[in-house]
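Please keep the sequence and the model in view while reading.

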Amino acid sequence: MNVVELFVFDEWQQNKSITHCYSTRKGGVSSGAFKSMNLGFNRNDNDTNVLCNYEIMAETLKVDIESFVTAQQTHTKNIKFVTKSDCGNGVTKPNKFKDVDGIYTNEKGVTLVTHYADCVPLFFYAPKAEVIGMAHAGWKGTFAEIGKEMAMSFHKDFNIPIDEIEVGIGPSICKKCFEVHSDVSDIFLSNELFKTCVTKNNKKDKFNIDLWECNKRSLESIGIKKIYVAELCTCCNKSLFFSHRRDGANRGSAAGFIALN
């Protein structure tokens with residue numbers, strides 16, 4: 001078995017109040033295109049291997065595997081508040097949350113899990129209120145401003161001042177690798193907030209979009225000041241990350257994890 005390798009934000013690494021990470025390909029038991037830390041049950045990998053990978057992650061993070069809560073992601077901006085009663089959902093128990101791309105909680109003993117293979121992972125933490133969240137922002141979720149949706153839910157549900165919310169933008173596809181046709185670029189160009197994140201490249205009808213910057217601008221627009229950007233591209237770093245853009249559907253899935261201690 002390989003050594004488990006994880007990405008963590010420097011700003012939170014020494015914080016004893018939360019546990020968080022973004023998984024890499026390294027440290028699991030899956031093989032072939034899923035090698036080795038595949039955390040997606042929907043990738044045609046052996047379910048026994050995937051569950052074993054979750055057991056390895058639980059041991060590495062020092063959390064209970066039964067604490068994991070995930071959801072079926074479909075590139076929406078739908079988010080859901082979860083509690084200890086939801087523990088195991090999508091990992092050790094059937095997934096009951098459909099069309100949910102963001103989850104959040106204020107309860108200890110709950111480890112939030114969302115899945116990726118190029119899309120942008122958004123980690124949320126409000127230290128004073130002790131509220132955490134994870135959001136999956138593909139280009140559709142980015143344009144729909146799922147990050148803003150999460151932050152406003154923190155504010156509405158728990159009366160958390162927006163400037164007390166911290167956000168980490170995890171490993172995901174970089175601007176250079178995220179090349180699109182005009183059908184997608186036109187959508188972003190139609191929004192004043194995002195249009196300067198789009199660049200025409202030297203190929204016919206091809207554009208590049210900076211999803212990191214789009215999410216950052218969306219969060220800044222409502223007053224979030226502490227935003228930490230990983231600046232690690234999942235598509236560029238083949239040995240470290242799964243990438244749908246690079247490898248297509250025959251690949252594993254990474255995951256973002258966050259829990260209150």
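## Basis of the model

This is a predicted model, in which local features need pLDDT of at least 70 and side-chain atom pairs count only at pLDDT 80 or more, while totals for chains, interfaces and linings use all residues. Residues are numbered from 1 along each chain as its sequence is written, and side-chain values use heavy atoms, with hydrogens and water left out.

## The chain as a whole

The protein chain contains 7 helices and 14 strands; these are DSSP runs numbered from the N terminus, helices being H or I of at least four residues and strands E of at least two. Its radius of gyration, taken over C-alpha atoms, is 17 Å, close to the 18 Å of the globule rule (2.2 Å times the number of residues to the power 0.38) for 261 residues, so the chain is as compact as a globular protein of that length. The C-alpha atoms fill a box of roughly 50 × 45 × 35 Å along the principal axes.

Of the 261 residues, 54% are buried, meaning under 20% relative accessible area with a 1.4 Å probe, protein chains only.

Strands of a sheet pair through backbone hydrogen bonds, either parallel or antiparallel. Here, 6 strands form an open sheet in the order 4-5-8-7-9-13, with mixed pairing; two strands pair if DSSP finds at least two bridges between them. Strand 4 (79-81) and strand 13 (226-229) are the edge strands, each pairing on one side only. From one strand to the next, the twist averages 15°.

Within this sheet, strand 5 (residues 102-105) and strand 8 (residues 131-137) run antiparallel and are joined by 4 bridges. Tyr 104 has Gly 133 in strand 8 as its bridge partner. Helix 4 (residues 146-158) lies across strands 4, 5, 7 (120-126) and 8, and runs at about 160° to strand 8. Such angles run from 0 to 180 degrees between N-to-C directions, with axes fitted to C-alpha atoms, for helices over the stretch in contact (heavy atoms within 4.5 Å).

## A buried strand

Why is strand 2 described as largely enclosed by the rest of the structure? In strand 2 (residues 18-23), 6 of the 6 residues are buried, so the strand is largely enclosed. Ile 18, His 20 and Tyr 22 point one way, whereas Thr 19, Cys 21 and Ser 23 point the other way.

Strand 2 runs antiparallel to strand 1 (residues 6-7), with 2 bridges joining them, and Phe 7 stands opposite Tyr 22. Strand 14 (residues 254-260) is also antiparallel to strand 2, through 5 bridges; there, Ala 259 stands opposite Thr 19.

Note on methods: Buried means under 20% relative accessible area, exposed over 50%, partly exposed in between (1.4 Å probe, protein chains only).
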